[in-house]
Amino acid sequence: MKIAIADNGCGIPESIQNQIFNPFFTTKPVGKGTGMGMAISYQIITEKHGGKLEFFSTPEKGTEFVVQIPIQQQVCPVI
(Lines give C-alpha, C1' and ligand atoms only; values in the text may rest on other atoms or scores of the structure.)
Protein backbone atom coordinates (compact mmCIF):
# COMPACT_ATOMS: atom_id res chain seq x y z
CA MET A 1 0.00 0.00 0.00
CA LYS A 2 1.30 3.45 -0.87
CA ILE A 3 0.07 6.76 0.53
CA ALA A 4 1.42 10.09 -0.69
CA ILE A 5 0.75 13.46 0.91
CA ALA A 6 1.95 16.60 -0.84
CA ASP A 7 1.76 20.34 -0.38
CA ASN A 8 2.62 23.34 -2.48
CA GLY A 9 4.40 25.21 0.31
CA CYS A 10 7.94 26.52 0.55
CA GLY A 11 9.54 23.07 0.63
CA ILE A 12 12.24 21.76 2.93
CA PRO A 13 15.60 23.54 2.58
CA GLU A 14 18.24 21.30 1.03
CA SER A 15 20.58 22.11 3.92
CA ILE A 16 18.39 20.16 6.39
CA GLN A 17 16.88 17.44 4.18
CA ASN A 18 19.40 14.83 5.31
CA GLN A 19 18.46 15.43 8.98
CA ILE A 20 14.66 15.13 8.77
CA PHE A 21 14.48 11.59 10.22
CA ASN A 22 17.22 12.08 12.85
CA PRO A 23 16.10 11.81 16.48
CA PHE A 24 15.91 15.17 18.28
CA PHE A 25 16.25 17.20 15.07
CA THR A 26 13.85 20.12 15.06
CA THR A 27 13.56 23.51 13.43
CA LYS A 28 11.46 24.81 16.33
CA PRO A 29 12.83 27.05 19.08
CA VAL A 30 14.27 25.43 22.21
CA GLY A 31 11.47 24.12 24.41
CA LYS A 32 8.90 24.06 21.60
CA GLY A 33 9.39 20.54 20.26
CA THR A 34 11.22 17.30 20.94
CA GLY A 35 12.29 16.54 17.40
CA MET A 36 11.08 12.97 17.75
CA GLY A 37 7.97 12.89 15.54
CA MET A 38 9.61 12.08 12.21
CA ALA A 39 12.19 9.75 13.79
CA ILE A 40 9.48 7.73 15.54
CA SER A 41 7.34 7.65 12.40
CA TYR A 42 10.30 6.42 10.37
CA GLN A 43 11.10 3.71 12.92
CA ILE A 44 7.51 2.43 13.09
CA ILE A 45 7.05 2.34 9.33
CA THR A 46 10.42 0.81 8.45
CA GLU A 47 11.25 -1.45 11.41
CA LYS A 48 7.84 -2.51 12.70
CA HIS A 49 6.03 -2.77 9.36
CA GLY A 50 8.86 -3.40 6.88
CA GLY A 51 7.84 -0.36 4.85
CA LYS A 52 9.39 2.83 3.54
CA LEU A 53 9.02 6.49 4.49
CA GLU A 54 10.58 8.98 2.15
CA PHE A 55 10.06 12.51 0.94
CA PHE A 56 10.73 14.58 -2.12
CA SER A 57 11.07 18.31 -1.69
CA THR A 58 11.77 21.19 -3.99
CA PRO A 59 12.43 24.54 -2.32
CA GLU A 60 9.76 27.11 -3.23
CA LYS A 61 7.56 24.38 -4.80
CA GLY A 62 6.55 22.00 -2.02
CA THR A 63 7.13 18.62 -0.41
CA GLU A 64 5.66 15.16 -0.87
CA PHE A 65 5.88 12.46 1.80
CA VAL A 66 5.39 8.87 0.64
CA VAL A 67 4.52 6.04 3.04
CA GLN A 68 4.74 2.48 1.74
CA ILE A 69 3.65 -0.47 3.88
CA PRO A 70 3.48 -4.07 2.62
CA ILE A 71 -0.07 -5.41 2.39
CA GLN A 72 1.07 -8.85 3.49
CA GLN A 73 3.57 -9.06 6.30
CA GLN A 74 5.64 -12.00 7.38
CA VAL A 75 4.22 -13.47 10.58
CA CYS A 76 6.75 -14.63 13.17
CA PRO A 77 5.79 -17.65 15.29
CA VAL A 78 5.28 -17.02 18.99
CA ILE A 79 7.76 -18.97 21.09
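Q: How do the residues lining the largest pocket divide into nonpolar, polar and charged?
A: First, a word on what you see: this is a predicted model, where local features need pLDDT of at least 70 and side-chain atom pairs count only at pLDDT 80 or more, while totals for chains, interfaces and linings use all residues. Residues are numbered from 1 along each chain as its sequence is written, and side-chain values use heavy atoms, leaving out hydrogens and water. Ala, Val, Leu, Ile, Met, Phe, Trp, Tyr, Cys and Pro count as nonpolar, Asp, Glu, Lys and Arg as charged, and the others, Gly among them, as polar. On that basis the lining has five nonpolar, six polar and one charged.

Q: How much space lies in the largest pocket?
A: A pocket is an open set of points on a 1 Å grid over the protein atoms alone, where a 1.4 Å probe fits, with protein on both sides within 12 Å along at least five of seven lines; lining residues have an atom within 4 Å of a point. Here the lining includes Ile-16, Phe-25, Lys-28 and Met-38. Counted as the space filled by probe spheres set on the points, the volume is about 230 Å³.

Q: In what order do the three strands stand in the sheet?
A: Strands (E, at least two residues) and helices (H or I, at least four) are DSSP runs, numbered from the N terminus, and two strands pair if DSSP finds at least two bridges between them. β1 pairs with β3 over five bridges, and seven bridges join β2 to β3. The sheet is open and antiparallel, in the order β1-β3-β2.

Q: Which strands stand at the edges of the sheet?
A: Look for a strand with a single partner, so that one side is left without a neighbour in the sheet.

Q: What does the twist average from one strand to the next?
A: Axes are lines fitted to C-alpha atoms, for helices over the stretch in contact, and angles run from 0 to 180 degrees between N-to-C directions. From one strand to the next, the twist averages 15°.

Q: What angle does helix α1 make with β2?
A: Helix α1, residues 37-48, packs on the sheet and touches β2 and β3 (contact means heavy atoms within 4.5 Å). Its direction and that of β2 make an angle of about 135°.

Q: Is Ile-45 buried or exposed?
A: Ile-45 lies in helix α1 and touches residues including Leu-53, Val-67 and Ile-69. Buried means under 20% relative accessible area, exposed over 50%, and partly exposed in between, with a 1.4 Å probe and protein chains only. The relative accessibility of Ile-45 is 11%, so Ile-45 counts as buried.

Q: Which residues make up the covered face of β2?
A: In a regular strand, the side chains alternate between the two faces of the sheet. In β2, Lys-52, Glu-54, Phe-56 and Thr-58 are on the uncovered face. The covered face holds Leu-53, Phe-55 and Ser-57.

Q: Which residue in the turn between β2 and β3 has a positive phi?
A: Most residues other than glycine have a negative phi. The hairpin of β2 and β3 has three residues between the strands, and one in the turn has a positive phi of about 75°. At 69% relative accessibility this residue counts as exposed; the residue is Glu-60.

Notes
Lists of a residue's contacts leave out its neighbours within four places in sequence.
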